[in-house]
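Student: Could we go through this model together? I would like to start with how the chains are built and then turn to where they touch.

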Amino acid sequence: MSAQPSPIGEPVLELKALRKSFGDTEIIRGVDLAVLGGQRHALIGPNGAGKSTLFNLISGHYAPTSGDILLNGAPIAGFAPHIINRLGLSRSFQITNVFPRMSVAENLRISIMGRRGHRLTLFRSIRSLSAVNDEVDEYLQNLRLTRRRDSLAGDLAYSEQRILEMGMALATDPAVLILDEPTAGMSRDETTYIVDLIRRVTEGRTLLVVEHDMSVVFTLCDHVSVLVYGEIIASGEPSAVRADRKVQEAYLGEEVH
Amino acid sequence: MINARTIVPLLAALGLLVILPLFLSPNLLNAAIKMMIAALFALAFALAMGQAGMLSFGHSAYYGLGAFAALHLMRAVEHKLFGFPTPMIPLAGALIGFLFGLVFGWFATQRTGVYFSMVTLALAELLFTLAPTWNALFGGESGISTIRGPSWGINFGSDADVYYLTLGWFVVSAWCMWAFTKTPVGRLALALRDNEQRVRFLGFNTHVARTLIFAISCLFTGVAGALLAIANEAANYTIFSAQASANVVLQTFIGGAGTFFGPALGAMIMTFFARITSDLTRSWLLYQGLIFVLVMLFAPQGLGGLADLHARKVRTNGWKHLVAPYLLCLVVGLLLIAGLVFVVESIHVVLTDAYLAKRAAAKGEWVPYELFGQTFEPFSPVTWAIPIMLVAIGSTLLPVARRITARAWLAATRDVPDEPIAPSASAAPVAPPS
């Protein structure tokens with residue numbers, strides 16, 4: 001898989017004084033965050049902290065009320081999702097979000113043919129696009145889904161659907177991949193497996209992950225930011241964040257290993 | 001995939017269609033033309049509906065525009081403004097259908113689901129209201145008419161000429177729509193149907209894609225409308241009616257929106273049904289509605305879905321188990337239908353003005369009525385015994401027929417899963433972590 005080069009150590013994704021209100025309720029209350037190139041950045045926080053809203057702002061699902069989002073230094077706040085994707089930021093979803101009545105291979109092919117410029121190609125047969133089809137096989141292999149290539153995505157086991165979903169986001173070849181709770185609802189073994197898979201297939205990419213499972217955060221990520229009530233209260237290396245008094249207070253009653 | 005199993009039946013069907021005019025009466029030949037046009041309309045509608053999940057309630061707009069485009073072109077040729085070969089007239093329908101599909105589709109595809117359906121319906125109603133008052137374009141309430149000019153050494157005077165012209169366009173259009181499903185945009189249509197939001201986050205401008213797919217559907221709808229105009233040499237504003245839009249929806253669902261040829265099958269059968277029954281009874285719309293309800297209740301995948309199910313699951317020699325049970329089901333169905341038709345037609349006769357006048361003449365007595373060439377007494381036990389017997393026998397046999405058919409089905413089908421590969425029970429995602 002070819003990865004778009006991320007300038008290591010430079011900010012690739014920046015949020016500046018980002019705010020989002022729904023009616024009178026302010027969900028995101030001035031978030032400043034910098035995700036550096038090559039970083040594996042975790043976003044944690046209690047339920048209702050605004051993590052999913054923040055992802056929806058970054059990926060273009062919602063437009064922010066105020067503030068800036070910069071991708072590789074260029075503003076993307078309020079852009080349509082497909083533009084943000086083409087600029088190099090792709091997301092997965094918390095709920096499984098595949099094309100259930102299409103085969104696994106075809107799910108991946110949608111991503112790949114789009115990236116390779118066949119978004120509105122009418123006068124070519126899909127079978128003649130050998131570069132696209134070869135890459136589909138490559139992704140199937142990397143995601144270890146080859147033996148499922150002709151199954152309908154809706155028939156896959158839950159954890160396989162989550163892997164496919166992430167694979168579809170990955171197959172648009174983004175510089176920044178944002179994953180919304182990639183291990184939610186999985187058993188311990190499945191979690192270990194998928195964390196290992198994520199680490200392998202996202203090699204060289206910048207990663208921003210919302211995750212509840214602290215052991216996943218500490219094995220997968222090298223940087224942690226904590227979001228509480230729409231504000232970042234701590235950001236830094238996992239061990240430093242774990243020791244932070246404010247973080248421990250925010251998680252009172254919840255486990256921080 | 002093109003292989004012998006699909007290409008042989010297709011060629012056989014095509015050969016049959018080519019020689020068909022030799023055996024048909026003029027009336028049936030005309031019916032065959034209308035059936036092919038309806039089939040093409042349904043295929044075009046299903047391209048938006050079945051594949052991209054866009055349920056348009058206003059496809060009569062593009063059908064009618066295609067028809068009027070063809071009529072105006074034919075009139076220009078008739079008045080010697082310029083020359084244009086008659087067999088190529090449907091191109092005008094294609095062009096106008098596509099252009100209006102782009103413009104109207106741009107607005108309609110801003111929304112999905114039921115809101116999309118409502119916008120398409122409103123746009124078609126707009127034309128339906130506008131057409132009768134716009135004389136220059138739509139010829140007012142009486143519409144416009146013209147004649148088919150001779151070209152390419154064919155005079156296009158006979159229905160047989162029109163039949164072959166329609167057949168040619170039907171085959172070419174159906175092939176194009178089949179090929180469309182194999183293109184990147186055709187595959188994208190399926191993804192849009194399944195989950196439009198996900199497509200947007202994969203870098204596609206779904207509004208543009210949906211507009212394009214809708215316009216392609218309207219292009220072939222325009223061809224169908226143009227073929228109708230060529231066959232009838234006339235059209236008026238009623239072609240834009242909501243009834244016409246609803247018809248293609250019903251036909252597509254009866255045929256099965258989930259299969260490629262199902263909608264064409266549904267359209268052919270229902271067009272033929274309408275043509276036969278509308279001459280026989282004024283209750284034919286009731287029967288058409290009943291067919292729709294029954295299909296939706298008992299075979300929601302439609303006729304095409306049923307055919308597909310049999311093609312996938314019945315073993316090579318499985319049919320010998322199914323013939324007798326299916327014949328039994330047919331007999332049971334006919335008994336029930338006969339009972340129902342008797343009741344419906346009796347009520348219908350009794351409510352006609354002619355019968356009411358006879359009753360008035362007999363001082364309000366329930367005089368005998370005529371049905372199927374027989375005379376029946378309204379309150380005679382014999383009269384009532386007919387439908388009661390038919391329905392009683394039918395409903396007694398119904399559970400028996402169902403049981404026998406279910407058993408035969410098990411014997412006749414392979415033990416294959418419903419889908420290409422069953423979800424594995426072990427659900428083990430994945431090879432154990434390395």
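Student: In chain B, what share of contacts between residues at least 6 apart in sequence join residues at least 24 apart?
Tutor: The share is 79%. Two residues are in contact if their C-beta atoms, placed from the backbone, lie within 7 Å. Please note that this is a predicted model, in which local features need pLDDT of at least 70 and side-chain atom pairs count only at pLDDT 80 or more, while totals for chains, interfaces and linings use all residues. Residues are numbered from 1 along each chain as its sequence is written, and chains are lettered from A and ligands numbered from 1 in the order in which they are written.

Student: And what is the figure for chain A?
Tutor: In chain A, residues 24 or more positions apart account for 67% of the contacts with a separation of 6 or more.

Student: How many helices and strands does chain B have?
Tutor: Chain B has 17 helices and 4 strands. Helices (H or I, at least four residues) and strands (E, at least two) are DSSP runs, numbered from the N terminus. The C-alpha trace of chain B spans about 80 × 70 × 45 Å along its principal axes, and 37% of its 434 residues are buried. A residue is buried if 20 or more other C-beta atoms lie within 10 Å of its own, exposed if 12 or fewer, and partly exposed in between.

Student: What are the domains of chain B?
Tutor: Chain B is divided into domain 1 (14–300) and domain 2 (314–412), with bounds that come from an automatic or database domain assignment. The C-alpha centres of these two domains of chain B are separated by 35 Å.

Student: Which residues have the most contacts inside the largest nonpolar core?
Tutor: They are A39(B), L40(B), F41(B), L43(B) and A70(B), in a core of 175 residues. A nonpolar core is a set of buried Ala, Val, Leu, Ile, Met, Phe, Trp, Tyr and Cys residues joined through C-beta atoms within 7 Å. Leaving out residues up to four places away in sequence, A70(B) touches I89(B), P90(B), A92(B), G93(B), A226(B), A229(B) and I230(B).

Student: Helix 12 of chain B next: what is its length, and what covers its buried residues?
Tutor: Helix 12 (residues 262–280) of chain B has 19 residues and reaches 27 Å from its first C-alpha to its last, close to the 27 Å expected at 1.5 Å a residue. The expected span is 1.5 Å times one less than the number of residues. Its buried residues include G262(B), L265(B), M268(B) and T271(B). Their cover includes helix 2 (26–51), helix 11 (242–255), helix 13 (284–298) and helix 14 (302–313) of chain B.

Student: Which residues of helix 14 of chain B are buried?
Tutor: They are G302(B), L303(B) and G304(B), and they pack against helix 11, helix 12 and helix 13 of chain B.

Student: Now chain A. How many helices and strands are there?
Tutor: Chain A has 9 helices and 10 strands. Its radius of gyration is 18 Å, close to the 18 Å that the globule rule gives for 257 residues, so chain A is as compact as a globular protein of that length. The radius is taken over C-alpha atoms, and the rule is 2.2 Å times the number of residues to the power 0.38. Buried residues make up 50% of the 257 residues in chain A.

Student: Which domains does chain A have, and how many residues do they bring into contact?
Tutor: The assignment gives domain 1 (1–88 + 176–257) and domain 2 (97–172) of chain A. In chain A, 11 residues of domain 1 are in contact with 11 residues of domain 2. Helix 6 of chain A gives the most to the side of domain 1 that touches domain 2, with 4 residues.

Student: How many residues does each chain give to the contact between chains A and B?
Tutor: Chain B gives 29 residues and chain A gives 42. Helix 8 of chain B gives the most to the side of chain B that touches chain A, with 7 residues.

Student: Where does F99(A) lie, and what is it in contact with?
Tutor: F99(A) lies in the loop between strand 6 (89–91) and helix 3 (104–115) of chain A. Setting aside neighbours within four places in sequence, F99(A) is in contact with N107(A), A153(A), A191(B), D194(B), N195(B) and R198(B). F99(A) is buried, with 24 other C-beta atoms within 10 Å.
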